[in-house]
2 protein chains.
Amino acid sequence: MTNINGKRLRERIHTLGRVGVAADGRRTRLTASDEDKAGRDLVASWMKEAGLRVVVDQIGNLLGIWETEENRGEAPVMVGSHIDTVINAGQYDGCLGVLAGLELILTLREQGVRTKRPIIVGAFTNEEGVRYSPDMLGSLVYAGGMSCGEALATVGTDGTVLGEELARIGYAGTVRPGFVTPAAFLELHIEQGPIMDAEGYDIGAVDRLQGIRWQKVHIEGAANHAGTTPIRMRADAGLAAAKVNIFCREMVGKSGGVATVGTIAFKPNAVNVIPSQADFTVDLRNPDKAMLDHDEELLSGYLKELEETDKVKITTQRISCFDPVSFDEGICRKIEAAAGRRGLKARRMVSGAGQDAQMLARICPTAMIFVPSVKGISHNPQEFTSDQAAENGANVFLDVVCELANN
Amino acid sequence: MTNINGKRLRERIHTLGRVGVAADGRRTRLTASDEDKAGRDLVASWMKEAGLRVVVDQIGNLLGIWETEENRGEAPVMVGSHIDTVINAGQYDGCLGVLAGLELILTLREQGVRTKRPIIVGAFTNEEGVRYSPDMLGSLVYAGGMSCGEALATVGTDGTVLGEELARIGYAGTVRPGFVTPAAFLELHIEQGPIMDAEGYDIGAVDRLQGIRWQKVHIEGAANHAGTTPIRMRADAGLAAAKVNIFCREMVGKSGGVATVGTIAFKPNAVNVIPSQADFTVDLRNPDKAMLDHDEELLSGYLKELEETDKVKITTQRISCFDPVSFDEGICRKIEAAAGRRGLKARRMVSGAGQDAQMLARICPTAMIFVPSVKGISHNPQEFTSDQAAENGANVFLDVVCELANN
């Protein structure tokens, strides 16, 4: 049984993890920033060192291609993830998938293994979506879900234009995104949730990805004196917002999804004034599209009801919408089988977060491998996956990619 | 039947209302500011013009004393309210009571009426409590509820010291607050609530004032990914805050009080992160002290319950506490009788807001007269009481003060 080099993988995770760490100790590599450039330069140098052909496409996706005289022209197996980060990030999110992809190619080359298909490892642009919107932009464009021109014109939260920033850091390539359609795509990623850690699993065979619906909700009531306004005469926007939060929680208890009110603001926000306005966001997710649609309808109906019962006016604005994705059942079985051969405990998983793999799933059979995140912590410097857990994941990754590349 | 001069009262309300109006049209006279000084100077000049002896006490309360050779030495009847305002205020809150008090003395003098007791009209310092805390500071000190030294050392939201600011604007007097104990205190004030306007009443005989309990509530949960964290593993501080809001509303539905969650903030306040912290305020009021105490206990018990059910930690901090006040039944009957004689529709009222009268009630028989606020709007430029409604109130005020001053 071939194994990846755990020490090398670990060291590279830490080396890349040190890129973009500011004086205050916070790690931040926003898309097309100087820190992102430094991370890209490092990964590109490792790709070249591994003998890969490095290609940057027009949206800045960084691809390392391993092909031989024999397999040139065959549809490749693609692996990859991203190296951009959130603000004050951990070091595993995305990077593990890119570096383990590189590691498995290196391992195969060192062992003299020849695969029937080329293998490409990619680092996709702007997965986190912190600086530019939407998230998973590079893989979306690669999969043909958004035109490259539109994507390059995206204006960031800091007023910059993505295309200009990519050119500035030297990662505006000339190759058309999607220039090659993979035979399969596989992404190794940390779970970013607590399930595998809590239940003691080593490997997640990710067969589905939740659909996501974000909306902004604006409730308009009437600002009145908290002491002099009888309950029956109130139009309390804050109370109505509280009811929506609780309604969502009860609703997903039935549908099996999750719901989160993550942001809120009241106006005028004074101790003794009834809130005239409440603005908040609702994040609804469900692996089942029909259930997600149904929850959205239920919520919409409840908001109408509240307008009557609570004498408020409610408007909503959808800010994000991704349908659930089903990954390839065949690849998931290969993941489970590979884990079994290595004596690792595997379970099927649903990805709660958005992933580059969901975009690639539009153009080829795709799945993901999860490894546990301790306590489920992610997007945080305390994000942690043990060396052994990362190595286990990378080895199963290696096994499945080999199978796919010889198929 | 003697009547006040409605035109003069009206004009003075508008004249004082123009003081402290900024270039943007917003009216603001915070305690001991230059705008407050301008308002005080105007009122003091009218007091002098009316032949009153103007006295400023050590906490800056501005008092106009009408006494004659015959009644000097008798315990006076005191009337009054305040002329400090909130930010972007209306023109009636407080000012109506001060100017109608001055108006009724002028009317009595012009009519040659002699009362058995002196009449004092006062404008108390810092009723609104916007710049300095607590609110109703001047009347509290006058009634002996707080030492003058402590009050003068109060540091404002802008870092200023009240005593220094009063000296700066020339309103740090030398007379001891409470230097004279009134035989009775009566305050005319706008309702600041919607009841009288909605129900068509002219005169409110205010026999009680709600007790007020403010607390800050801090809920500590766990920030986790909104997509990857199963419902059963969440500790959602925002959801717990929503439950508290709804619990309070249901609770006061039984106790007959009012409850308001007027402010809120989540941390980290991101769309896709479960709130780890929720900070909000609870404003509880009830005219019945036992009910108010009971509601506080119920809420405290519910917060303990939530710590278990929602896996959160909750701390609270009391930021304001005033027990309910019962006003003088005899004066309330006089108000109702005077309204009846004038063909005005009167009802008993509970003051939902805090008032200077609640402080004076500590040292003498006290009551208030309310006049309607259109739509209940107050602390807002749209605050409005019709000329007729204000005049009606001032006439009943005159009648009752005459009775009290001849008693």
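In chain A, helix 1 (residues 6–17) and helix 3 (residues 95–110) pack with their axes 10 Å apart and at an angle of about 135°, where axes are lines fitted to C-alpha atoms, for helices over the stretch in contact, and angles run from 0 to 180 degrees between N-to-C directions. That makes helix 1 of chain A oblique to helix 3 of chain A (angles under 35 degrees count as roughly parallel, over 145 as roughly antiparallel, 65 to 115 as roughly perpendicular and the rest as oblique). This is a predicted model, in which local features need pLDDT of at least 70 and side-chain atom pairs count only at pLDDT 80 or more, while totals for chains, interfaces and linings use all residues. Residues are numbered from 1 along each chain as its sequence is written, and chains are lettered from A and ligands numbered from 1 in the order in which they are written.

**Helix packing within chain A**

- Helices (H or I, at least four residues) and strands (E, at least two) are DSSP runs, numbered from the N terminus.
- The crossing of helix 1 and helix 3 of chain A is right-handed, the term for a near helix turned clockwise from the far one by less than a right angle, with left-handed for anticlockwise.
- Arg8(A), Leu9(A), Arg12(A), Ile13(A), Leu16(A) and Gly17(A) of helix 1 of chain A meet Cys95(A), Leu96(A), Leu99(A), Ala100(A) and Glu103(A) of helix 3 of chain A (residues are in contact if their C-beta atoms, placed from the backbone, lie within 7 Å).
- By class, this contact of helix 1 with helix 3 of chain A has 7 nonpolar, 1 polar and 3 charged residues; Ala, Val, Leu, Ile, Met, Phe, Trp, Tyr, Cys and Pro count as nonpolar, Asp, Glu, Lys and Arg as charged, and the others, Gly among them, as polar.
- Helix 10 (residues 329–341) and helix 12 (residues 387–405) of chain A pack at an angle of about 130°, their axes 9 Å apart, and are therefore oblique to each other.
- In the contact of helix 10 with helix 12 of chain A, Ile331(A), Lys334(A), Ile335(A), Ala338(A) and Ala339(A) meet Val396(A), Asp399(A), Val400(A) and Glu403(A), giving 6 nonpolar, no polar and 3 charged residues.

**A hairpin in chain A**

- Strand 1 (residues 53–56) and strand 2 (residues 62–66) of chain A run antiparallel and are joined by 4 bridges, where strands pair if DSSP finds at least two bridges between them.
- Val56(A) has Leu62(A) in strand 2 of chain A as its bridge partner, and among the 5 residues between the strands of this hairpin, Gly60(A) takes a positive phi near 90°.

**The two copies and their interface**

- In the interface, 48 residues of chain B are in contact with 48 residues of chain A, and the largest share of the chain B side, 9 residues, comes from helix 8 of chain B.
- Helix 8 (residues 237–255) of chain A packs with helix 8 of chain B at an angle of about 120°, with the axes 8 Å apart, in a left-handed crossing.

Notes: Two residues are in contact if their C-beta atoms, placed from the backbone, lie within 7 Å.
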